[in-house]
Amino acid sequence: MVEIIGVGFMKAGKTYYFDPAGVSYELGELVIVETARGMELGHVSIANCEIEESELVAPLKGVERKASTEDLQRYKDNLARRDAAMKVCEEKILQHKLDMKLVDAEFTIDGSKVIFYFSADGRIDFRGLVKDLASHFRVRIELRQIGVRDEAKMLGGIGICGRPLCCSKWLNDFQPVSIKMAKQQNLSLNPAKISGTCGRLMCCLNFENKTYQELRKGMPNEGERIDTPDGIAKVVNVDLFNSKVIARLIVEDKETGEDTLGPDYNIYFKKEIKRIDKKHYNRKKDEFSDLDAETLREIKELTRD
């Protein structure tokens with residue numbers, strides 16, 4: 001077992017472990033720690049506790065110190081310098097004619113480095129920009145390219161649900177989201193309805209995915225043939241939450257002798273039916289078969305990294 005504390009930061013919701021070195025820290029207490037970005041001000045999100053050494057993904061770094069009044073003042077001063085730094089950087093980007101979008105700027109707590117976050121469609125050669133910025137600020141400069149999801153997390157906003165974006169409020173890590181999740185939840189594959197502010201698939205598609213996976217076990221798909229107490233029928237609607245399906249019996253047309261659907265809509269519970277062409281249906285069904293070329297292109301854009 002090893003003693004740790006968890007520290008969170010303003011720019012990331014994730015908690016990182018640090019070695020308290022025998023010092024006791026209270027929840028919410030402000031501390032100065034060294035990270036890959038340099039010296040940073042963080043808050044204790046997990047008080048002193050012990051965990052298995054196997055849970056550590058990297059050697060623990062120590063806590064530099066508890067934040068002092070001077071540290072807090074420097075942090076406030078750095079925040080006040082942010083807007084001016086952003087303006088200078090944007091002017092330099094225009095001068096160098098770089099196709100990049102500046103998202104945010106951050107000073108390390110000791111003021112020895114400025115980190116500029118930007119987004120771009122491809123790789124950007126910003127070596128000339130870094131030199132100009134270093135000459136202006138007289139400190140170390142780091143330009144960090146981020147993805148569209150991280151951009152939304154930093155900037156924040158309101159989702160289509162009317163609430164603040166999950167990624168900017170409480171979501172620590174971005175989990176993989178696929179178009180299959182939307183299909184499994186019977187959602188329309190309309191890009192405007194399943195995409196978030198970042199222009200990618202909504203993270204919340206993943207929240208209830210396991211529940212839908214459990215509900216779908218043993219349930220047929222729409223259009224599938226099933227064996228019912230009344231005979232062979234074709235599924236026209238599936239009610240996952242009540243484990244019921246609505247189906248129309250397949251009957252023989254007396255005039256043509258061909259199979260056709262009966263006029264009545266019958267309701268059957270999951271335990272009353274048996275799937276008879278599951279393998280054939282799953283092999284034949286293409287989840288994108290009913291989409292036009294333009295919608296298909298937009299769907300592929302939503303799943304792009």
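Q: What makes E6, E7 and E8 an open sheet, and in what order do the strands come?
A: The three strands form an open sheet in the order E6-E7-E8, with mixed pairing. Strands are DSSP runs of E with at least two residues, and helices are runs of H or I with at least four, numbered from the N terminus. Two strands pair if DSSP finds at least two bridges between them. Strand E6 (101-107) and strand E8 (140-145) each have a single partner strand, so they stand at the edges and one side of each lacks a neighbour in the sheet.

Q: What kind of model is this?
A: It is a predicted model, where local features need pLDDT of at least 70, side-chain atom pairs count only at pLDDT 80 or more, and totals for chains, interfaces and linings use all residues. Residues are numbered from 1 along each chain as its sequence is written, and side-chain values use heavy atoms, with hydrogens and water left out.

Q: How do you know that E6 and strand E7 pair?
A: E6 and E7 (residues 113-119) share six bridges, in the antiparallel sense. The definition asks for at least two bridges, so they count as paired. Within this pairing, Ala105 has Phe116 in E7 as its bridge partner.

Q: What makes helix H2 packed on the sheet, and which strands does it touch?
A: Helix H2 (residues 127-137) touches E7 and E8. Contact means heavy atoms within 4.5 Å. The direction of H2 makes about 140° with that of E8. Axes are lines fitted to C-alpha atoms, for helices over the stretch in contact, and angles run from 0 to 180 degrees between N-to-C directions. Helix H3 (residues 148-155) also packs on the sheet; it touches E6 and E7, and its direction makes about 55° with that of E6.

Q: How do you know what span to expect for helix H1?
A: The expected span is 1.5 Å times one less than the number of residues. Helix H1 (residues 69-96) has 28 residues and reaches 40 Å from its first C-alpha to its last, close to the 40 Å expected.

Q: Why is there said to be a kink in H1, and where is it centred?
A: The bend at a residue is the angle between axes fitted to the seven residues ending there and the seven starting there. In H1 the kink is about 35°, centred on Arg82.

Q: Why is strand E1 called largely enclosed?
A: Buried means under 20% relative accessible area, exposed means over 50%, and partly exposed is in between (1.4 Å probe, protein chains only). Seven of the eight residues of strand E1 (residues 2-9) are buried, so the rest of the structure largely encloses it. E1 pairs with strand E4 (residues 38-51) in the antiparallel sense over six bridges.

Q: What makes the phi of Lys97 worth a look?
A: Most residues other than glycine have a negative phi. Lys97 is not a glycine, yet its phi is positive, about 55°. Lys97 sits in the loop between H1 and E6. Its relative accessible area is 75%, over 50%, so Lys97 is exposed.

Q: How do you know which class Asn186 belongs to, buried, partly exposed or exposed?
A: Asn186 has 46% relative accessibility, so it counts as partly exposed. Asn186 lies in the loop between H5 and helix H6 (191-194).
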